[in-house]
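Reader: Could you walk me through how the labels in this model were reached? I would like to see each value set beside its cut-off.

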Amino acid sequence: MKKIIVALIVVAFPLMMQAQREGLIARKAPKGKADMAAYTEKGAVPEVDGKVVFREVIAAPGKTKEDIFNKVAQWASLRYEPNSMMGDDYRDANFFKNIEFSKVKEANRQSGKIECQGAEELIFSLKTLAKNYTQAFYQLDLSVSDGKVDFMLHTLSFNVDQGEGEFLRMAAEEWITDAECLNKKGELKRTNGKFRIKTIDLVNELKKEISEAINQ
């Protein structure tokens, strides 16, 4: 009997290690209080006229509009390719998995406008044969000019799991704002706090990738 058990362990161990590498039984490391400050501070999810809008100017000193446009357009064509995935582990900052609605809507060289339609999975956690995730939908508008890119992410919504395969579409304005997502102590609410964390991480990663693309 002992020999059978040992044999089963020997066979199962490589499979478990492979599953760990692929994220099937991975668990995301908990964030400490210091790490959470970036997500719980007021205005971490900015609002403009009652709408959630993330805006940033990404600097590209010394770069021409044409040079920047070429690099950002190339980045966008890869980042928003439908049904594509980047990265092996959902815990990596640059991991994403697009669904079929993801695409580059416009890339106008003359005006410098690049419009992207984001449609992707945001994964909260993975356990054996179970995935806790949402589908996020948003618009990303990039305006290129000499020495900079104006970044604006807006019209954000999520498919929120209701159980038994049912999802409810929730706009960011009613789900991840300060009023909706923070309790009286200024802490993240359990139900929708993870959506706020993932959204802020996503925005920061997109800005980082664009900056790296145009400044390399």
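Reader: Why does phenylalanine 167 count as partly exposed?

Author: In this predicted model, phenylalanine 167 has a relative accessibility of 36%. Buried means under 20% and exposed over 50%, so phenylalanine 167 falls in between and counts as partly exposed.

Reader: And what makes tyrosine 133 partly exposed?

Author: Tyrosine 133 has 21% relative accessibility. Since buried requires a value under 20%, tyrosine 133 is partly exposed.

Reader: Why is the pair of tyrosine 133 and phenylalanine 167 called tilted?

Author: A pair of aromatic rings is described by the distance of the centres and the angle of the planes. For tyrosine 133 and phenylalanine 167, the centres are 6.3 Å apart and the planes meet at 50°. Pairing needs centres within 6.5 Å, stacked needs an angle under 30 degrees and edge-to-face one over 60, so this pair is tilted. Tyrosine 133 belongs to strand S8 (residues 130–145) and phenylalanine 167 to strand S10 (residues 166–171), so the pair ties together parts 34 residues apart in sequence.

Reader: How many aromatic pairs are there, and which residues form a cluster?

Author: There are six aromatic pairs in the structure. Phe124, Phe158, Trp175 and Phe195 are linked by ring pairs into a cluster.

Reader: What makes the pair of tryptophan 75 and tyrosine 80 edge-to-face?

Author: Their ring centres lie 6.0 Å apart and their planes stand at 85°. That angle is over 60 degrees, so the pair is edge-to-face. Both tryptophan 75 and tyrosine 80 are buried.

Reader: How do you know whether serine 157 is buried or exposed?

Author: Serine 157 has a relative accessible area of 10%. The cut-off for buried is under 20%, so serine 157 is buried. Serine 157 sits in strand S9 (residues 148–163), and among the residues that serine 157 touches are Gln135, Phe137, Arg169 and Met170. Across the chain of 216 residues, 39% are buried.

Reader: Which element gives the most to the lining of the second largest pocket?

Author: That is H5, with eight residues. The second largest pocket holds about 320 Å³ of space, and 21 residues line it, the closest to its centre being Asp92, Ala93, Phe95, Lys198 and Asp201. By kind, the lining has eight nonpolar, two polar and 11 charged residues.

Methods
Residues are numbered from 1 along each chain as its sequence is written. This is a predicted model: local features need pLDDT of at least 70, side-chain atom pairs count only at pLDDT 80 or more; totals for chains, interfaces and linings use all residues. Side-chain values use heavy atoms; hydrogens and water are left out. On a 1 Å grid over the protein atoms alone, a cavity is a set of points where a 1.4 Å probe fits but cannot get out, and a pocket is an open set with protein on both sides within 12 Å along at least five of seven lines; lining residues have an atom within 4 Å of a point. Grid points are joined across faces, edges and corners, and a volume is the space filled by probe spheres set on the points. Helices (H or I, at least four residues) and strands (E, at least two) are DSSP runs, numbered from the N terminus. Ala, Val, Leu, Ile, Met, Phe, Trp, Tyr, Cys and Pro count as nonpolar, Asp, Glu, Lys and Arg as charged, and the others, Gly among them, as polar. Buried means under 20% relative accessible area, exposed over 50%, partly exposed in between (1.4 Å probe, protein chains only). Contact means heavy atoms within 4.5 Å. Lists of a residue's contacts leave out its neighbours within four places in sequence.
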